[in-house]
Amino acid sequence: MRTYGLYIGGRWEERRGRYEVRNPANQESIAECAVATEAEVDRAVQAAAEAFPNWSARSYEERGEYLHAIAHALKERFDELALLECQETGRPVKEIQAHDIPATISLFEYFAGIGPATTGETIPVPGEYLTYTRREPLGAVAAITPWNFPLWLAALKIAPALAAGNTVVLKPAPTTPLTTLEFAKITESVGLPSGVYNVLTDPTPATVGSALCAHPLVNKIAFTGSTATGTKIMQLAAPNITRLSLELGGKAPFILFADCDFERTLAQALLANFFAQGQMCTAGARLLIERSIYQRFLDAFVERASKLRIGDPSDPMTEFGTLHSQAQLDRAKHYVKLAQEQGARLVLGGKQPQKAEFQRGFFFEPTVFTDVQPTMTLACEEVFGPVVAAMAFEGEDEAVRIANATDYGLAAGVFTQDVGKALRMAHRVKAGRIWVNCYNMHPAGVPYGGFKKSGFGREVGLHCLLDLYTEIKSVQIDTSPDFFDWFM
Ligand code: NAD
């Protein structure tokens, strides 16, 4: 059994308080982690704050070398990390190998080279002044992440934060801390200076997270999680005016027109809804199908979804693993019941698979509802599970109206072979990321984040480095021999 301490100031701290992390596929214990309290939060933040002056004073090239070394070490431990993440999340190892670990490596490689882009500007002003801006890192960053993509979502914060010269205290989700603790070992192995990366674990959802957010030495909070928790974090950040970026929930429309490439769209609709068992903020769970191909597409979608290989997530053949927890299972069942009560028609799944091998985990079948109305709960609220709401529309205007009828605005998919229509839709749908004829692509350089209640701030890309992890300082120098004496 793996055991982990807390990683604070470059040292592993053992604690008497410990808790178990379990594999959601069979509920077996896979590791023991230490329980942090507010005292450890304080020490970890102090360690990050103390490490900041030295780390931020290093050149971009020097910091970039550490990030390259981290990427290299991640490659060396690729299979081990993929399996560990599969065991802690319940997601198929196949998709973690295909997405999470490569995407994490790519983030460190991308941000390793981009530091020198944090340039300032010179600004012409009236009079004889040299006026310029510079970008300065913020200091200690509190990074708080959810359980669905634990390593990659942490890397979305750690890589740009470190590249810009900040230091990090990470609080992973209570149930999925293992890959980010292993990541601490990687930072040790590459000689990252003490205190630059710290990790605190805790079995309760909010104790460590809220103490971190309220800590006066935390200069920035980078949060990914639910909109409900995001609201609480805004309140915690308010007293210290702590900088904040929020990646929150979503209810993405997956909009397909009659002129789409049918097979391509079908493949993407499955990816949009059943990757990670639908436990994705970008899940295209509102399947908007143009009326003339509604039944044909729905039939093909249900047929393919019914054949997904459900199984042990650590089996490389498995395509669809287990939901992450009892709470996630209850949530999926709750939305299925509500949808039926409100008149939607269940055409696939809606229950736990019956085979004995699934009874120890939180398995739930791929689920599809038809006859969903845009005002039904299933069309408005985030399920965060494999429950799809199929709806018919007629033409672009109706598609836009339904697509935008939500509090969320994280992502959307548009499928058509008409370029003009694709562009009109991309511009009219209110979401931070629009995929056209593709879905769930996350290249390291492309800004990512939400409109409306899906949050604010854009992770990834140059904007992230500049806007989320540096602050602008302006400097004005009087170069004139004359000076201004107001009181003369
Ligand atoms: P959550 O909001 O319950 O928890 C997220 C993290 O916040 C966890 O580490 C949790 O321990 C911590 N937390 C909980 N209460 C806190 C508090 N009061 N103060 C500080 N920290 C606190 O979310 P979850 O259930 O772990 O994840 C699912 C949610 O995350 C979904 O809504 C999903 O859409 C969202 N999500 C968004 C993105 C994105 O990029 N926008 C990505 C993945 C998941």
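Predicted model: local features only at pLDDT ≥ 70, side-chain atom pairs only at ≥ 80, totals over all residues.
Local features were considered at pLDDT of at least 70 and side-chain atom pairs only at pLDDT 80 or more, whereas totals for chains, interfaces and linings use all residues. Residues are numbered from 1 along each chain as its sequence is written, and side-chain values use heavy atoms, with hydrogens and water left out.

Helices (H or I, at least four residues) and strands (E, at least two) are DSSP runs numbered from the N terminus. Seven strands form an open sheet of mixed pairing, in the order β14-β15-β16-β13-β12-β18-β19; two strands are taken to pair if DSSP finds at least two bridges between them. The edges are formed by β14 (345-348) and β19 (433-436), each of which pairs on one side only. From one strand to the next the twist averages 25°. Angles run from 0 to 180 degrees between N-to-C directions, and axes are lines fitted to C-alpha atoms, for helices over the stretch in contact.

Within this sheet, β14 pairs with β15 (residues 367-370) in the antiparallel sense over three bridges, and L348 has V368 of β15 as its bridge partner. Helix α10 (residues 294-306) packs on the sheet and touches β12 (253-256), β13 (286-290), β14, β15 and β16 (387-393); the direction of α10 makes about 140° with that of β13. Pairing between β15 and β16 is parallel, over three bridges, with V368 opposite V388 of β16. Strands β13 and β16 are likewise paired in the parallel sense, over five bridges, and E290 is partnered by F393 in β16. Strand β16 is mostly covered, six of its seven residues being buried (buried, under 20% relative accessible area; exposed, over 50%; partly exposed, in between; 1.4 Å probe, protein chains only).

Strand β8 (residues 167-171) is also mostly covered, with five of its five residues buried. The burial extends to both faces of β8: T167, V169 and K171 lie on one side, and V168 and L170 on the other. Strand β7 (residues 140-144) runs parallel to β8 and is joined to β8 by five bridges; A140 stands opposite T167.

Helices α5 (residues 150-164) and α6 (residues 178-189) pack at an angle of about 50°, with their axes 8 Å apart. The two helices are therefore oblique to each other, where angles under 35 degrees count as roughly parallel, over 145 as roughly antiparallel, 65 to 115 as roughly perpendicular and the rest as oblique. The crossing of α5 and α6 is right-handed; a crossing is right-handed if the near helix is turned clockwise from the far one by less than a right angle, and left-handed if anticlockwise. In this packing, P150, L151, A154 and I158 of α5 meet T179, T180 and F183 of α6, contact being defined as heavy atoms within 4.5 Å. By class, the contact of α5 with α6 comprises five nonpolar, two polar and no charged residues (nonpolar: Ala, Val, Leu, Ile, Met, Phe, Trp, Tyr, Cys and Pro; charged: Asp, Glu, Lys and Arg; polar: the others, Gly among them).

Helices α7 (residues 207-214) and α8 (residues 227-237) pack at about 40°, with their axes 8 Å apart, and their crossing is right-handed. S210, C213 and A214 of α7 make the contact with I233, L236 and A237 of α8.

N23 lies in the loop between β4 (18-22) and β5 (29-34). This residue is buried, at a relative accessible area of 12%. Neighbours within four places in sequence aside, N23 contacts E28, I30 and Q87.
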